[in-house]
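Let's take a friendly walk through this structure, one region at a time. Have the sequence and the 3D view ready.

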Amino acid sequence: MPFLPVLARETRHMGFIATMSTSFYAPFILARTMATMDHLTRGRVGWNVVTSSEDLAARNYGMDALPPHDERYDRADEFVEVVKALWDSWEPGAVVMDAGAGRYADHTKVHPIHHVGKYHRVRGPLNMPAGPQGHPVLCQAGGSPRGRDFAAKHADTILSALVSVPKMKAYRDDVRALATAHGRSPDDVKVMYIVSPVLGETEAEAREQARLAFGMDRLQVEATLAIISAVTEVDFLQFDLDAELPEGITTNGHQSILDDFVRRNRGRTLREALPERARLGARRHARRRAGPDGRDDAGGAAATASSSGSSRPAATPAATSTRSRAGSPPHCAGAA
Ligand SMILES: Cc1cc2nc3c(=O)[nH]c(=O)nc-3n(C[C@H](O)[C@H](O)[C@H](O)COP(=O)(O)O)c2cc1C
């Protein structure tokens with residue numbers, strides 16, 4: 001989050017999306033911070049709404065463990081409603097800036113929200129008017145049934161890391177149907193898929209780059225195991241690398257990521273499953289790589305900033321050697 005204005009100052013056309021967790025922040029400070037960033041960037045920011053997935057992260061915020069997966073989304077639902085109400089707590093035209101009359105704002109257009117819910121109690125109003133966008137762009141990446149429903153209800157844009165066209169299509173169809181069920185136009189929810197090509201001057205060079213990046217030497221194996229363990233909250237070091245994964249692994253972390261990993265790798269050993277996972281990890285890292293001058297660069301500038309208290313490893317050694325640049329619009333943030 002603190003990088004947003006710094007990055008925005010160096011660019012003119014890019015938007016920046018920061019990740020913040022509804023499990024660790026309070027709605028008031030989040031609404032205030034995002035509104036400040038929206039003013040500073042003249043309306044070029046968004047919020048990647050996440051619920052977090054790591055008990056280790058939760059222990060940085062006075063909890064022993066995260067609440068159950070679906071309940072985290074219940075809390076997030078209420079959280080987002082409160083944040084939106086705070087952004088709306090100053091009506092348009094509330095700021096009058098009448099120095100002669102000594103009046104900054106018309107108080108009849110600034111309203112407390114008096115929210116009392118299951119998870120949050122917030123009086124409001126926000127202590128500042130919302131920024132140029134009113135509501136900054138809301139980004140999400142829910143993959144589980146509860147996560148998809150949440151994304152379809154609130155998100156302007158959704159990122160997904162699915163890897164086959166039929167799965168991408170089914171996901172988009174589902175999100176659009178859920179958005180309709182929430183009374184939204186499905187066209188208001190833009191679904192984007194993460195693609196990270198490995199580039200080279202020739203095909204041979206690109207293949208060599210890919211081999212270097214995903215060749216899975218011992219360090220890369222360890223780093224990939226660390227990443228999949230952190231994302232899923234399951235310690236993959238306990239499993240035999242040269243055997244199939246056992247049945248029945250469950251998590252209170254990112255369920256859809258674990259389910260997808262297990263389903264896609266039936267019939268493969270864990271070692272055989274890792275290269276594909278490393279490529280997905282590298283996608284995240286690719287989003288962190290800036291263009292040569294760190295400015296608006298053909299989709300490669302790093303627009304990632306994460307503030308959700310993660311203890312997750314930042315990047316794989318594999319990822320640091322790839323030359324890939326993700327050609328994506330405003331990027332959702334990295335590990336948390
Ligand atoms: C690009 C991207 C960045 C993400 N960043 C975070 C993050 O920083 N913190 C987090 O808790 N989840 C993050 N996620 C995970 C999603 O918010 C979501 O929890 C995950 O896709 C699994 O969905 P599920 O919880 O519905 O199973 C990210 C996902 C993507 C695709």
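## Where H5 meets H6

In this predicted model, helix H5 (residues 145-154) and helix H6 (residues 165-181) have axes that come within 8 Å and cross at roughly 60 degrees. That angle makes H5 oblique to H6. The crossing in which H5 passes H6 is right-handed.

Which residues make the contact? On H5 they are Arg-148, Asp-149, Ala-151 and Ala-152, and on H6 they are Asp-174, Val-175, Leu-178 and Ala-179.

## Where H4 meets H5

Helix H5 also packs with H4, at an angle of about 10 degrees and with the two axes 9 Å apart. Angles under 35 degrees count as roughly parallel, and H4 and H5 are therefore roughly parallel to each other.

Look for Asp-70, Tyr-73, Ala-76, Asp-77 and Val-80 on the H4 side of the contact, and for Arg-146, Gly-147, Phe-150 and His-154 on the H5 side. Here the residues of the contact of H4 with H5 divide into four nonpolar, two polar and three charged.

## The nonpolar cores

Now turn to the largest nonpolar core, which has 43 residues. Which of its residues touch the most other members? They are Ala-31, Trp-47, Val-83, Cys-139, Ile-158 and Val-175. Helix H4 (residues 69-87) gives the most to this core, contributing nine residues. Another core, of 19 residues, lies apart from it, and its residues include Leu-225, Ala-230, Leu-270 and Ala-278.

Leaving aside neighbours within four places in sequence, Ile-158 is in contact with Gln-140, Ala-141, Ala-151, Val-175, Val-189, Val-191 and Met-192. Two of these names have come up already: Ala-151 belongs to the H5 side of the contact with H6, and Val-175 to the H6 side.

## A loop residue: Arg-12

Finally, find Arg-12, in the loop between helix H1 (3-9) and strand S1 (16-21). Is Arg-12 buried or exposed? Arg-12 has 10 other C-beta atoms within 10 Å, so Arg-12 is exposed.

Terms used
Residues numbered from 1 in each chain as written. Predicted model: local features only at pLDDT ≥ 70, side-chain atom pairs only at ≥ 80, totals over all residues. Helix = DSSP H or I, 4+ residues; strand = E, 2+ residues; numbered from the N terminus. Buried ≥ 20, exposed ≤ 12 C-beta atoms within 10 Å, placed from the backbone. Core = buried A, V, L, I, M, F, W, Y, C linked by C-beta atoms within 7 Å. Contact = placed C-beta atoms within 7 Å. Axes fitted to C-alpha atoms, helices over the stretch in contact; angles between N-to-C directions. Parallel < 35°, antiparallel > 145°, perpendicular 65-115°, else oblique. Left-handed = near helix turned anticlockwise from the far one by under 90°. Nonpolar A, V, L, I, M, F, W, Y, C, P; charged D, E, K, R; others polar.
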